[in-house]
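Here is a short briefing on one structure. Look it over first, then read the notes below.

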Amino acid sequence: MASISIPLAYKSHSLRRSPIYRPSQLHSPIQIKCSASKDCSNSEESSTQFKQLRNVACGFLAVWALSSVSPVIAAGQRLPPLSTDPNRCERAFVGNTIGQANGVYDKPLDLRFCDYTNEKTNLKGKSLAAALMSDAKFDGADMTEVIMSKAYAVGASFKGTDFSNAVLDRVNFEKANLQGASFKNTVLSGSTFNDAQLDGVDFEDTIIGYIDLQKICTNKTITEEGRVNLGCR
C-alpha cells in the first residue's frame with residue numbers, strides 16, 4: 001500500500017525538536033485496491049460510499065506517483081550524455097516552464113560546464129528545476145528567487161552567488177564550491193552538501209528541515225557565524 005510522509009521544515013533558528021508519534025495514536029490503515037479489475041465478492045467495496053472513497057484515494061495516489069517521478073540523479077547513477085544543443089547554456093535565461101516544485105520539465109536543462117560568472121540579470125527568478133549543473137560556474141551571479149528543485153550541482157562553483165529567497169530543495173551540492181554564497185531566507189530542505197565548501201556562507205533565516213540541519217552541521221568548513229545562524233549545536 002502506498003504511503004506518504006511529509007517532512008517538517010522550519011526556520012533554522014526556531015524549532016529544535018521533531019514531534020514524537022506513539023503507536024497508540026495511530027489507527028490501522030485502510031487498504032484500497034486501485035486496479036481496474038472487478039471483485040464482486042467484496043460486499044464492502046460494492047457499496048456506493050466505499051466506491052467514492054476508493055476513487056478519491058486512487059486519484060490522489062495517482063497524482064502523487066506522477067509528481068514524485070522526476071529526472072533527479074541518484075547517487076552512483078550515470079549522467080546522460082552532454083547535450084549537443086549549441087544554445088544549451090543560454091536556455092538557463094529562459095528556464096523551465098512546468099513542474100517547478102517536482103523537478104518535472106518540458107525540456108531538459110543541461111547547463112554542465114557553462115559559465116555564468118557575474119551574471120546579474122538573466123538568472124533572477126528563473127525556474128531551473130532538475131537542471132544538470134555539474135562543473136558549471138555561477139560565481140558572483142544573482143540567483144535570487146530561483147527555483148532549483150532537484151537540480152544536480154555536483155562540483156559546480158557558486159562562489160559569492162546570491163540565492164536569497166530562492167527555493168533550492170533537494171539539490172545535490174556535493175563537492176560544490178559555495179564560499180561566500182548567500183542563503184538568506186532560502187529553502188534548503190532535502191538538499192545535500194557532502195564535501196562542499198561552505199566557508200563564509202550566509203545562512204541567515206535559512207529554511208531547512210531538522211534532519212537536513214543535522215547533516216549540514218557536520219560540514220567543517222562552515223564558519224562559527226554560519227553555525228550560529230543555522231542553529232548547529
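One aromatic cluster is formed by F93, Y116, F138, F158, F163, F173, F183, F193 and F203. The model is predicted. In total, the structure holds 10 aromatic pairs.

**An edge-to-face pair**
- The ring centres of F93 and Y116 lie 5.9 Å apart, with the planes at 80 degrees, so this pair is edge-to-face.
- Both F93 and Y116 sit in the loop between helix 2 (48-68) and strand 2 (207-208), so the pair ties together parts that are 23 residues apart in sequence.
- F93 is partly exposed, with a relative accessible area of 27%.
- Y116 is buried, at a relative accessible area of 3%.

**A stacked pair**
- F163 and F183 have ring centres 5.4 Å apart and planes at 20 degrees, so they are stacked; the cut-off for stacking is under 30 degrees.
- F163 and F183 each lie in the loop between helix 2 and strand 2, so their pairing ties together parts that are 20 residues apart in sequence.
- F163 and F183 are both buried.

**Chain layout**
- The protein chain has four helices and two strands.
- Along the sequence, the pattern is β-α-α-β-α-α.

**Burial, contacts and surface**
- The protein chain has 233 residues, and 37% of them are buried.
- Take the contacts between residues at least 6 apart in sequence: 30% of these join residues at least 24 apart.
- The accessible surface of the protein chain is about 13700 Å².
- Carbon and sulfur atoms account for 53% of that surface.

Notes: Residues are numbered from 1 along each chain as its sequence is written. This is a predicted model: local features need pLDDT of at least 70, side-chain atom pairs count only at pLDDT 80 or more; totals for chains, interfaces and linings use all residues. Side-chain values use heavy atoms; hydrogens and water are left out. Buried means under 20% relative accessible area, exposed over 50%, partly exposed in between (1.4 Å probe, protein chains only). Contact means heavy atoms within 4.5 Å. Accessible areas come from the Shrake-Rupley method with a 1.4 Å probe; for residues, only the protein chains shown count as cover. Rings of Phe, Tyr and Trp (its six-membered ring) pair if their centres lie within 6.5 Å; planes under 30 degrees apart count as stacked, over 60 as edge-to-face and the rest as tilted.
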